[in-house]
Amino acid sequence: MPLTLAPMIELSRKQDGSQDTAAFARDVADGLSQQQKTLPSRYFYDGAGSRLFQQIMDLPEYYLTRSEFEVLTNNRQTMAEHFAREGFFHLIDLGAGDALKTKILLRELARQQSVFDYVPVDISGDAMLELSSSLQEELPEVKVEAVVGEYFQALEWLQEHKAERKVVLFLGSNIGNFEYQESLEFLGSVRSYLQAGDRLLMGVDLRKNPDVILNAYDDAAGVTAAFNLNLLHRINRELGGDFKVEQFCHHAIYNPLEGVMRSFLVSKVEQQVQIRETGKTFSFEAWEAIHTENSHKYTLRQVEELGSACGFKVETVFYDSQRGFADVLFTVS
Ligand code: AVI
């Protein structure tokens with residue numbers, strides 16, 4: 001029997017892909033014109049990139065997903081009780097993807113017969129369709145209203161529902177991919193749409209042995225390398241670039257002073273690359289790098305300070321057994 005799904009809200013408001021392509025071309029041209037070349041990590045996630053990220057989450061070296069799974073599994077009952085304490089709420093899941101981890105909480109909330117609806121937000125319309133239909137099969141009692149859009153566009157949804165009670169999920173250490181200033185602005189905006197009694201559950205990767213962190217972003221099977229290099233394939237596919245991808249390599253370094261994992265694509269030779277949609281040619285010297293991603297690792301004090309700078313106070317910290325990953329439950333202060 002075909003499933004009838006609630007209509008999804010499209011927040012990107014595009015008629016076709018042309019606006020997206022123009023923005024992508026502009027960001028690529030800007031980044032590659034800098035003296036220190038850079039490309040934004042949010043462009044990792046096309047179809048191929050999202051599939052590679054799924055593989056990363058299964059890698060033995062990539063501990064983050066397993067650690068958070070453990071945190072949510074072991075604390076699901078307490079978390080669900082906190083969420084539902086004041087009655088009906090919207091559960092807004094920023095960057096939901098396949099929501100494998102969130103389903104731990106959804107099952108528990110359904111078991112406790114909590115009164116809520118679920119609002120997964122993700123840039124991928126396909127992912128939101130799949131998630132809506134899988135939830136309709138697995139948890140038909142949960143009302144789902146999927147939103148297709150970027151994090152910042154999800155804020156529009158929050159604004160429209162300002163008066164209603166909300167619990168925002170920001171799992172997976174996604175906050176770590178923001179620059180510090182961006183994370184302040186983003187959490188500050190989320191906070192501005194919340195009211196007393198609302199909550200934020202945020203997943204953060206904590207400081208730990210630098211070798212463990214480095215291996216997670218430079219795995220033996222080369223999946224993270226393929227994920228990083230896919231950005232160049234994507235530019236070739238979508239922007240008419242002529243990157244010779246085999247002439248670039250993935251390089252990852254961790255700075256334990258700053259707690260920042262940085263990823264790069266390094267040109268192995270001197271070369272020029274034309275990208276049709278930018279109308280430009282970019283020159284690379286041999287061993288010149290493009291910075292593609294930061295993944296921040298935090299001390300608990302930093303997380304508390306980040307929250308408090310944005311108007312949140314810590315209610316409870318849920319750790320994994322190794323104390324290497326935490327889901328931090330904030331209330332508005
Ligand atoms: C999505 N994000 C939290 C991942 C991370 O760990 O920074 C992206 C990633 N990059 C390389 N491996 C995984």
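In this predicted model, Pro-120 counts as buried, because its relative accessibility is 0% and anything under 20% falls in that class. Pro-120 is found in strand 4. Leaving aside its neighbours within four places in sequence, Pro-120 is in contact with Asp-93 and Ala-96, with Met-128 and Leu-131, and with the run Val-144, Glu-145, Ala-146 and Val-147. With a relative accessible area of 2%, Val-121 is buried. Not counting residues up to four places away in sequence, Val-121 touches the stretch Ile-92, Asp-93, Leu-94, Gly-95 and Ala-96, together with Met-128, Val-147, Gly-149 and Ala-154. Val-121 and Val-148 are 27 residues apart in sequence, and their C-alpha atoms are 5.8 Å apart in space.

Strand 15, made of residues 325-332, holds Thr-331. Is Thr-331 buried or exposed? At 14% relative accessibility, Thr-331 counts as buried, because the class takes in values under 20%. Setting aside neighbours within four places in sequence, Thr-331 is in contact with Asp-198 and Arg-199, and also with Gly-311, Phe-312, Lys-313 and Glu-315.

Arg-76 belongs to helix 3, which covers residues 63-84. A relative accessible area of 33% makes Arg-76 partly exposed, since that class lies between the 20% and 50% cut-offs. Apart from neighbours within four places in sequence, the contacts of Arg-76 are Ile-104, Leu-105 and Glu-108. Arg-76 and His-233 are 157 residues apart along the chain, with 40 Å separating their C-alpha atoms.

The next topic is how helices pack. Two packed helices are described by the angle between their axes and the distance between the axes. Helix 2 (residues 47-57) and helix 9 (residues 223-239) pack at an angle of about 175°, and their axes are 9 Å apart. The two helices, helix 2 and helix 9, are therefore roughly antiparallel to each other, because angles over 145 degrees count as such. Which residues of helix 2 and helix 9 meet? From helix 2 come Ala-48, Gly-49, Leu-52, Phe-53, Gln-55 and Ile-56, and from helix 9 come Val-223, Thr-224, Ala-226, Phe-227, Asn-230 and Arg-237. By class, the residues in this contact of helix 2 with helix 9 divide into seven nonpolar, four polar and one charged.

A second pair is formed by helix 6 (residues 151-160) and helix 7 (residues 180-192), whose axes come within 9 Å and cross at roughly 15°. That angle makes helix 6 roughly parallel to helix 7, because angles under 35 degrees count as roughly parallel. The crossing in which helix 6 passes helix 7 is left-handed. On the helix 6 side the contact is made by Tyr-151, Phe-152, Leu-155 and Leu-158, and on the helix 7 side by Phe-186, Ser-189 and Val-190. Sorted by class, the contact of helix 6 with helix 7 has six nonpolar residues, one polar residue and no charged ones.

Backbone angles come next. Most residues other than glycine have a negative phi, and most peptide bonds are trans. Gln-113 is not a glycine, yet has a positive phi of about 55°. The loop between helix 4 (102-111) and strand 4 (116-122) is where Gln-113 is found. With a relative accessible area of 70%, Gln-113 is exposed, since values over 50% count as exposed. Ser-173 is another non-glycine residue with a positive phi, here of about 60°. The place of Ser-173 is in the loop between strand 7 (166-170) and helix 7. What is the relative accessibility of Ser-173? The value is 6%, so Ser-173 counts as buried.

Finally, a record can be set beside the model. In an unreviewed entry, UniProt lists residues 24-330 as "domain: Histidine-specific methyltransferase SAM-dependent". Across residues 24-330, the end C-alpha atoms lie 34 Å apart. The span is 40% helix and 26% strand.

Terms used: Residues numbered from 1 in each chain as written. Predicted model: local features only at pLDDT ≥ 70, side-chain atom pairs only at ≥ 80, totals over all residues. Heavy atoms only, no water. Axes fitted to C-alpha atoms, helices over the stretch in contact; angles between N-to-C directions. Helix = DSSP H or I, 4+ residues; strand = E, 2+ residues; numbered from the N terminus. Parallel < 35°, antiparallel > 145°, perpendicular 65-115°, else oblique. Left-handed = near helix turned anticlockwise from the far one by under 90°. Contact = heavy atoms within 4.5 Å. Nonpolar A, V, L, I, M, F, W, Y, C, P; charged D, E, K, R; others polar. UniProt positions renumbered as here; feature names shortened; annotations may be inferred. Buried < 20%, exposed > 50% of the residue type's maximum accessible area, 1.4 Å probe, protein only.
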